[in-house]
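The sequence and model are shown first.

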Amino acid sequence: MTKNIGLLSFGHHQNIPGSRARTAGEALTQAIDIAVGAEELGFGGAWIRVHHYQQQFAAPWALLSAMGARTTRIELGTAVVDMRYENPLIMAELAGAADLISGGRLQLGLSRGSQEPALRGYEAFGFRPSDGGSASDMAQQHTARFRQAIAGVPMATSDPEQTRSSVPLPIEPRSETLPQRIWWGSATRQSAHWAGTQGMNLLSSTLLSEDSGVPFAQLQAEQIRTFREAWKQAGHAGEPRVAVTRSVLPVVSMRDRDLFGANGSQEHIGVLGGVVSRFGKSYVGSPDVIAVELAEDEAVRAADTLLVTIPNLLGPAENLRLLGNIATHVAPALGSIEAQQD
């Protein structure tokens with residue numbers, strides 16, 4: 001399977017020595033420049049993380065719109081929007097506008113959210129789970145409402161006193177094809193099964209919130225199989241898309257060695273949010289070795305899209321050099337990206 005390779009940026013900004021993204025404004029504008037450069041390198045996607053109450057990207061709509069206006073081909077994704085925080089109808093309007101600006105290139109990854117520094121931070125945004133319900137239930141309810149809105153299901157009725165009629169009103173603006181480009185960020189086999197039943201694409205990162213004693217790639221591949229089986233059993237048409245994330249840092253110069261070291265980390269098990277979790281390893285070192293390891297990675301083989309994380313604090317020049325190394329030395333082994341540099 002030919003891989004669609006995209007980049008994933010967390011959007012960190014820190015006023016520390018060596019950082020090229022010391023302010024939120026710098027992180028945002030640099031993300032646009034990196035997306036433009038990645039498109040020129042032949043990458044298939046530029047995806048951004050969404051976090052609240054942290055020095056990272058937050059609400060993604062202005063950034064996605066700006067990226068869409070500056071690029072012409074590359075997919076623009078979120079990995080992921082925390083649906084506990086979202087007003088589904090406002091989000092439908094903003095997502096519709098951003099997708100129309102991009103010419104229909106958004107790939108919206110949603111989820112119930114990850115661990116965060118704020119205690120029930122979504123409550124300050126005006127959202128509380130219903131009595132007897134959980135925050136996860138609320139995220140799924142917001143997701144269902146959002147998907148109805150972008151599909152054109154009426155959300156209100158016209159006021160007869162103003163319009164002399166009573167007709168159903170859908171959310172505008174609306175992108176006709178956006179409903180087919182919604183993803184669910186899953187960290188467990190159970191949530192992957194749910195995503196399959198709902199007819200969404202699957203996003204799986206370098207963290208799985210469960211551990212069965214098998215290697216990370218094997219457990220993630222099992223998650224992908226669970227998702228696809230659920231999709232099929234639910235009777236959804238077509239084939240769903242699947243994306244996995246990896247940290248990929250090829251070392252081809254002394255500069256790379258100074259920045260990234262010479263060896264990657266190993267996967268490990270830890271407790272995160274009270275849950276035993278398995279963390280994937282990072283791929284650092286010789287690009288030939290990395291290419292072989294990725295080609296042998298069971299989950300990477302099962303996915304159609306590979307998202308490589310980037311250290312955006314280094315700024316556009318270093319990140320585009322890193323992405324150029326991936327495009328030149330790693331992607332061809334996966335059947336992806338024909339080098340477009342002069």
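## Surface patch

In this predicted model, Ile-269 sits in strand β11, which spans residues 268-272. The side chain of Ile-269 belongs to a nonpolar surface patch of about 270 Å², made together with Val-271 and Val-276.

Ile-269 has a relative accessible area of 45%, so this residue counts as partly exposed; the class lies between the limits of 20% for buried and 50% for exposed.

## Aromatic pairs

Seven aromatic pairs are present in the structure. One of them joins Trp-47 and Trp-183: the ring centres are 5.4 Å apart and the planes meet at 90 degrees, so the pair is edge-to-face. Trp-47 and Trp-183 are both buried.

Trp-184 and Trp-194 also form an edge-to-face pair, with 4.9 Å from centre to centre and 65 degrees between the planes. Because Trp-184 lies in strand β7 and Trp-194 in helix α6 (residues 189-198), the pair ties together parts that are 10 residues apart in sequence. Trp-184 has a relative accessible area of 3% and is therefore buried, the limit being under 20%.

## Ring cluster and a charge over a ring

Tyr-53, Tyr-85, Tyr-122 and Phe-125 form a cluster linked by ring pairs.

Another contact with an aromatic ring involves a charged side chain: Arg-49 lies over the face of Phe-10, 4.5 Å from the ring centre.

Methods:
Residues numbered from 1 in each chain as written. Predicted model: local features only at pLDDT ≥ 70, side-chain atom pairs only at ≥ 80, totals over all residues. Heavy atoms only, no water. Patch = residues over 30% accessible without salt bridge, like charges linked within 9 Å, V, L, I, M, F, W, Y side chains within 5 Å. Areas by Shrake-Rupley, 256 points an atom, 1.4 Å probe, with all protein chains shown as cover. Salt bridge = Lys/Arg side-chain N within 4 Å of Asp/Glu carboxyl O. Helix = DSSP H or I, 4+ residues; strand = E, 2+ residues; numbered from the N terminus. Buried < 20%, exposed > 50% of the residue type's maximum accessible area, 1.4 Å probe, protein only. Phe/Tyr/Trp six-rings, centres within 6.5 Å; stacked < 30°, edge-to-face > 60°. Lys NZ or Arg CZ within 6 Å of the ring centre and 35° of its normal.
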